[in-house]
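Let's take a walk through this protein together. Have the sequence and the 3D view open as you read.

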Amino acid sequence: MSILLIGCASDNQKYEEKNDELEEGSTEQVTPESKDEKEKSNEKDEKKSDESGTTELSVEKETADEIAKDDNVEDAIIQLETVGENEYVNAHIKFKEVVKGEETAEEYADQLKEQYPDRIVDIILSRNGDVLYQGVFE
């Protein structure tokens, strides 16, 4: 057991020695990267693409809550997405019971088009993890 602890300590010492050897002003560092650090790095990358104006995504909780009030709806997620010049309403509606796919999707798409007339509606209807219908309404 003590051998493993010595091995770990020597690895950390190697990283510290490498960092100490780097010239001042150099941006390169040798460090073990933890899972949290990787996730933070990915979040920064996502923010950069949002700031550039190429992709924007927002959740529309009020609209989702309104749809979720329907008796047969278990849950609803509504997102507004802008990708370049294209604007979308992404809807994922989960049902308690089976519904008529395309007919039901058209009803919800019409409702969403009233609220967001300039956006393309991308809708998914599901029940118990199974997709009942998926379609795009322009």
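## Salt bridges

The structure holds two salt bridges, where a salt bridge means a side-chain nitrogen of Lys or Arg within 4 Å of a carboxyl oxygen of Asp or Glu. Keep in mind that this is a predicted model, so local features need pLDDT of at least 70 and side-chain atom pairs count only at pLDDT 80 or more, while totals for chains, interfaces and linings use all residues. Residues are numbered from 1 along each chain as its sequence is written, and side-chain values use heavy atoms, with hydrogens and water left out.

Lys 61 counts as exposed because its relative accessibility is 57%, and Asp 65 is partly exposed at 37%. (Buried means under 20% relative accessible area, exposed over 50%, and partly exposed in between, with a 1.4 Å probe and protein chains only.)

## A link across the sequence

Arg 119 and Glu 87 also meet through their side chains in a salt bridge, this time at 3.9 Å from N to O. Arg 119 is in the loop between H4 and strand S4 (120-127) and Glu 87 is in strand S3, so the pair ties together parts 32 residues apart in sequence. With 14% relative accessibility, Arg 119 counts as buried, whereas Glu 87 is partly exposed at 30%.

Strand S3 (residues 86-95) also includes Asn 86, which is partly exposed at 40% relative accessibility. Asn 86 and Ile 120 are 34 residues apart in sequence, yet their C-alpha atoms are 8.0 Å apart in space.

## The whole protein

What order do the elements come in from the N terminus on? They run α-α-β-α-β-β-α-β-β, which gives four helices and five strands. Helices (H or I, at least four residues) and strands (E, at least two) are DSSP runs, numbered from the N terminus.

Of the protein's 138 residues, 22% count as buried. Now for contacts, meaning heavy atoms within 4.5 Å: among those with a separation of 6 or more, 44% come from residues 24 or more positions apart.
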